[in-house]
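The report below follows their contacts, their angles and the space left between them.

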Amino acid sequence: MDQDRHLVARARRGSQAAYRELVERHQASVYNLISRIVRDPGTAEELTQDTFVKAFGALHTFDPSYRLITWLLRIAHNTAIDHLRRRRPDTVPLDSGGEGPPSEALLVDRSQRTPLELAEQADLRRVLDWALAQLRPEYRRLVVLRYLEDLSYEEMVEVVGLPLGTVKSHLHRARAEMARLLTEAGLAGALGE
């Protein structure tokens, strides 16, 4: 966090290198959130770039007493939601049954796992990605923010702009929906339940 503050201060003074380092530090988190909202890698890449362009233009408004990642994820969230509002097609692909490469969001340290454990982890990741893709976008974004980006409830409120009670109830409903989907698909045992 201190390094982010230092880089922001340098970027505000015009350092392109500092801004580039901020982008490198946070682009994976921004891309991950956006891609889970819009469900299209190409669009997510474009919106990630848009997010950082907007952030650069508004860097003077950033309050360094807050975490930079929370501010960036708020911009990313709004950029993705604005895109969905303009486009309005269904963002969950019909063939979201887990084909294609596993998510970039790693759940384990690969260096500490056996090949069998890595294969099991990849299967679990595909199952969870499938269940996540079935959720409504407003639920999916909260699951991503809480469990993949590890934001507190207060930070989630700041990112999505909803009251704390709404965030908590939507997250509860999202978990219940994922549990239902996994149980109906006969996959609840994959989570150790």
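In α3, Thr 43, Leu 47, Asp 50, Thr 51, Phe 52, Lys 54 and Ala 55 meet Trp 71, Leu 72, Ile 75, Ala 76, Thr 79, Ala 80 and His 83 of α4. Contact means heavy atoms within 4.5 Å. By class, this contact of α3 with α4 has 8 nonpolar, 4 polar and 2 charged residues. Ala, Val, Leu, Ile, Met, Phe, Trp, Tyr, Cys and Pro count as nonpolar, Asp, Glu, Lys and Arg as charged, and the others, Gly among them, as polar.

The model is predicted: local features need pLDDT of at least 70, side-chain atom pairs count only at pLDDT 80 or more, and totals for chains, interfaces and linings use all residues. Residues are numbered from 1 along each chain as its sequence is written, and side-chain values use heavy atoms, with hydrogens and water left out.

Helices are DSSP runs (H or I, at least four residues), numbered from the N terminus. Axes are lines fitted to C-alpha atoms over the stretch in contact, and angles run from 0 to 180 degrees between N-to-C directions.

| Helix pair | Angle | Axes apart |
|---|---|---|
| α3 (residues 41–57) and α4 (residues 68–87) | about 130 degrees | 9 Å |
| α2 and α6 (residues 137–148) | about 155 degrees | 9 Å |
| α2 and α4 | about 35 degrees | 9 Å |

α2 is therefore roughly antiparallel to α6, a label for angles over 145 degrees. Their contact joins Asn 32, Leu 33, Arg 36 and Ile 37 of α2 to Arg 140, Arg 141, Val 144, Leu 145 and Leu 148 of α6. It has 5 nonpolar, 1 polar and 3 charged residues.

α2 also packs on α4. Residues in this contact include Leu 22, His 26 and Ser 29 of α2 and Leu 68, Ile 69 and Leu 72 of α4. The classes here are 14 nonpolar, 4 polar and no charged residues.

Where is space left inside? The count comes to 1 cavity of 30 Å³ or more. A cavity is a set of points on a 1 Å grid, over the protein atoms alone, where a 1.4 Å probe fits but cannot get out. The largest cavity has a volume of about 50 Å³, the space filled by probe spheres set on the points. Tyr 19, Leu 22, Val 23, Phe 52, Ala 55, Leu 59, Leu 68, Trp 71 and Leu 72 line the largest cavity; lining residues have an atom within 4 Å of a point. α2 (16–38), α3 and α4 each give two or more residues to this lining. The lining holds 9 nonpolar, no polar and no charged residues.

Notes. On a 1 Å grid over the protein atoms alone, a cavity is a set of points where a 1.4 Å probe fits but cannot get out, and a pocket is an open set with protein on both sides within 12 Å along at least five of seven lines; lining residues have an atom within 4 Å of a point. Angles under 35 degrees count as roughly parallel, over 145 as roughly antiparallel, 65 to 115 as roughly perpendicular and the rest as oblique.
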